[in-house]
Amino acid sequence: MNNFDLEQELTTAFDDDNSKDDATPKLALYVTPICPYCIYVQNAISKLGLDVEIRNIYSQEHFEDLVAARNRATVPVLLISHPNTAPEETWLPESMDIIAYLTQLKATAETN
Ligand SMILES: N[C@@H](CCC(=O)N[C@@H](CS)C(=O)NCC(=O)O)C(=O)O
(Lines give C-alpha, C1' and ligand atoms only; values in the text may rest on other atoms or scores of the structure.)
Protein backbone atom coordinates (compact mmCIF):
# COMPACT_ATOMS: atom_id res chain seq x y z
CA MET A 1 0.00 0.00 0.00
CA ASN A 2 1.51 3.36 -0.98
CA ASN A 3 0.95 6.66 0.80
CA PHE A 4 -1.94 7.60 -1.48
CA ASP A 5 -3.74 4.31 -0.83
CA LEU A 6 -3.09 4.67 2.89
CA GLU A 7 -4.60 8.16 2.85
CA GLN A 8 -7.61 6.87 0.91
CA GLU A 9 -8.09 4.10 3.45
CA LEU A 10 -8.03 6.55 6.33
CA THR A 11 -10.32 9.03 4.57
CA THR A 12 -12.81 6.28 3.80
CA ALA A 13 -12.59 4.98 7.33
CA PHE A 14 -13.72 8.28 8.80
CA ASP A 15 -15.84 9.71 5.98
CA ASP A 16 -18.16 12.44 7.26
CA ASP A 17 -21.02 10.94 5.24
CA ASN A 18 -21.03 7.85 7.39
CA SER A 19 -21.75 7.46 11.06
CA LYS A 20 -18.56 6.71 13.02
CA ASP A 21 -19.66 3.19 13.93
CA ASP A 22 -20.49 2.29 10.33
CA ALA A 23 -17.29 3.86 8.96
CA THR A 24 -14.81 2.32 11.38
CA PRO A 25 -13.11 -0.60 9.60
CA LYS A 26 -13.21 -4.06 11.07
CA LEU A 27 -9.65 -5.35 11.50
CA ALA A 28 -8.28 -8.89 11.57
CA LEU A 29 -4.60 -9.84 11.78
CA TYR A 30 -3.50 -13.16 10.24
CA VAL A 31 -0.62 -14.64 12.23
CA THR A 32 1.18 -17.73 13.42
CA PRO A 33 2.13 -17.97 17.10
CA ILE A 34 5.85 -18.41 16.29
CA CYS A 35 6.28 -15.57 13.79
CA PRO A 36 8.43 -12.74 15.19
CA TYR A 37 6.96 -10.19 12.75
CA CYS A 38 3.48 -11.15 13.97
CA ILE A 39 4.49 -10.70 17.60
CA TYR A 40 5.99 -7.33 16.71
CA VAL A 41 2.68 -6.19 15.16
CA GLN A 42 0.64 -7.62 18.04
CA ASN A 43 2.78 -5.68 20.53
CA ALA A 44 2.10 -2.49 18.56
CA ILE A 45 -1.63 -3.26 18.57
CA SER A 46 -1.54 -3.67 22.36
CA LYS A 47 0.29 -0.37 22.79
CA LEU A 48 -2.16 1.43 20.49
CA GLY A 49 -5.13 -0.15 22.28
CA LEU A 50 -6.88 -1.04 19.02
CA ASP A 51 -9.54 -3.69 18.59
CA VAL A 52 -8.03 -6.21 16.16
CA GLU A 53 -9.15 -9.83 15.89
CA ILE A 54 -6.20 -12.23 15.80
CA ARG A 55 -6.59 -15.09 13.30
CA ASN A 56 -4.07 -17.93 13.69
CA ILE A 57 -3.50 -19.54 10.29
CA TYR A 58 -2.89 -22.91 11.92
CA SER A 59 -6.69 -22.91 11.76
CA GLN A 60 -7.58 -24.40 8.36
CA GLU A 61 -10.32 -21.82 7.73
CA HIS A 62 -8.02 -18.83 8.29
CA PHE A 63 -5.20 -20.45 6.31
CA GLU A 64 -7.49 -21.05 3.32
CA ASP A 65 -8.92 -17.52 3.42
CA LEU A 66 -5.42 -16.01 3.50
CA VAL A 67 -4.07 -18.14 0.64
CA ALA A 68 -7.20 -17.55 -1.43
CA ALA A 69 -6.77 -13.80 -1.05
CA ARG A 70 -2.98 -13.56 -1.37
CA ASN A 71 -1.81 -16.71 -3.13
CA ARG A 72 0.70 -17.17 -0.32
CA ALA A 73 0.71 -17.90 3.40
CA THR A 74 3.19 -15.24 4.51
CA VAL A 75 2.15 -13.54 7.74
CA PRO A 76 1.44 -11.05 9.23
CA VAL A 77 -1.33 -9.71 7.03
CA LEU A 78 -3.99 -7.26 8.17
CA LEU A 79 -7.47 -7.67 6.72
CA ILE A 80 -9.28 -4.32 6.65
CA SER A 81 -13.02 -4.70 6.07
CA HIS A 82 -15.33 -1.83 5.26
CA PRO A 83 -18.91 -3.00 5.72
CA ASN A 84 -20.45 -0.06 3.81
CA THR A 85 -17.96 0.95 1.16
CA ALA A 86 -16.20 -0.51 -1.88
CA PRO A 87 -13.69 -2.09 -2.10
CA GLU A 88 -15.03 -4.02 0.83
CA GLU A 89 -11.77 -5.68 1.84
CA THR A 90 -8.09 -4.72 1.76
CA TRP A 91 -5.36 -7.25 2.59
CA LEU A 92 -2.34 -5.36 3.91
CA PRO A 93 0.96 -7.33 4.24
CA GLU A 94 4.32 -6.25 5.71
CA SER A 95 4.66 -5.66 9.44
CA MET A 96 6.00 -2.12 9.09
CA ASP A 97 3.19 -1.12 6.72
CA ILE A 98 0.60 -2.65 9.06
CA ILE A 99 1.98 -0.73 12.05
CA ALA A 100 2.11 2.50 10.02
CA TYR A 101 -1.53 2.03 8.97
CA LEU A 102 -2.70 1.24 12.52
CA THR A 103 -0.76 4.17 13.98
CA GLN A 104 -2.38 6.57 11.51
CA LEU A 105 -5.79 4.98 12.05
CA LYS A 106 -5.47 5.56 15.80
CA ALA A 107 -4.30 9.17 15.30
CA THR A 108 -7.18 9.84 12.90
CA ALA A 109 -9.67 8.31 15.32
CA GLU A 110 -8.41 10.54 18.12
CA THR A 111 -8.89 13.71 16.05
CA ASN A 112 -12.48 12.80 15.04
N1 LIG B 1 8.81 -8.60 5.50
C2 LIG B 1 7.76 -9.36 6.11
C3 LIG B 1 8.30 -10.69 6.56
C4 LIG B 1 7.21 -11.65 6.94
C5 LIG B 1 7.74 -13.06 7.11
O6 LIG B 1 8.89 -13.37 6.76
N7 LIG B 1 6.91 -13.92 7.69
C8 LIG B 1 7.28 -15.29 7.89
C9 LIG B 1 6.96 -15.72 9.33
S10 LIG B 1 7.83 -14.76 10.53
C11 LIG B 1 6.45 -16.20 7.01
O12 LIG B 1 5.24 -16.05 6.92
N13 LIG B 1 7.13 -17.15 6.35
C14 LIG B 1 6.44 -18.17 5.58
C15 LIG B 1 6.10 -17.78 4.19
O16 LIG B 1 6.47 -16.68 3.71
O17 LIG B 1 5.39 -18.57 3.53
C18 LIG B 1 7.13 -8.55 7.25
O19 LIG B 1 7.83 -7.67 7.80
O20 LIG B 1 5.96 -8.78 7.58
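The model is predicted. The chain holds five helices and four strands, and 20% of its 112 residues count as buried. Strand S3 (residues 77–81) receives most of the attention below, with four of its five residues buried.

**Overall fold**

- Along the sequence, the elements follow the pattern α-α-β-α-β-α-β-β-α.
- Among contacts in the chain with a separation of 6 or more, 61% are between residues 24 or more positions apart.

**The sheet**

- The four strands make an open sheet, ordered S2-S1-S3-S4, with mixed pairing.
- Strand S2 (53–56) and S4 are the edge strands, and each of them pairs on one side only.
- Neighbouring strands of the sheet are turned against each other by 25° on average, with direction ignored.
- In general, the strands of a sheet pair through backbone hydrogen bonds, in either a parallel or an antiparallel arrangement.

**Strand S3 and its two partners**

- S3 pairs with strand S1 (residues 26–31) in the antiparallel sense, over five bridges.
- Within that pairing, Leu78 of S3 stands opposite Leu29.
- S3 is also joined to strand S4 (residues 89–93) by five bridges, and these two strands run antiparallel.
- On the S4 side, Leu78 has Leu92 as its bridge partner, while Ile80 has Thr90.

**The nonpolar core**

- The largest nonpolar core has 18 residues, and those with the most contacts inside it are Tyr30, Val77 and Leu78.
- S1, helix H3 (36–48), S3 and helix H5 (95–111) each contribute at least two residues to this core.
- In soluble globular proteins, nonpolar side chains tend to be buried together.
- Leaving aside residues up to four places away in sequence, Leu78 touches Leu27, Leu29, Leu92, Ile98 and Tyr101.
- Two residues in that list are also named in the sheet pairing of Leu78: Leu29 stands opposite Leu78, and Leu92 is the bridge partner of Leu78 in S4.

**The ligand shell**

- The residues around the ligand are Cys35, Pro36, Tyr37, Arg72, Ala73, Thr74, Val75, Pro76, Glu94 and Ser95.
- By class, this shell divides into six nonpolar, two polar and two charged residues.
- Pro36 and Tyr37 belong to the shell, and helix H3 covers residues 36–48.
- Ser95 is likewise one of the shell residues, and helix H5 covers residues 95–111.

Note on methods: Residues numbered from 1 in each chain as written. Predicted model: local features only at pLDDT ≥ 70, side-chain atom pairs only at ≥ 80, totals over all residues. Buried ≥ 20, exposed ≤ 12 C-beta atoms within 10 Å, placed from the backbone. Pairing = 2+ DSSP bridges. Core = buried A, V, L, I, M, F, W, Y, C linked by C-beta atoms within 7 Å. Contact = placed C-beta atoms within 7 Å. Axes fitted to C-alpha atoms, helices over the stretch in contact; angles between N-to-C directions. Near = placed C-beta within 6 Å. Nonpolar A, V, L, I, M, F, W, Y, C, P; charged D, E, K, R; others polar.
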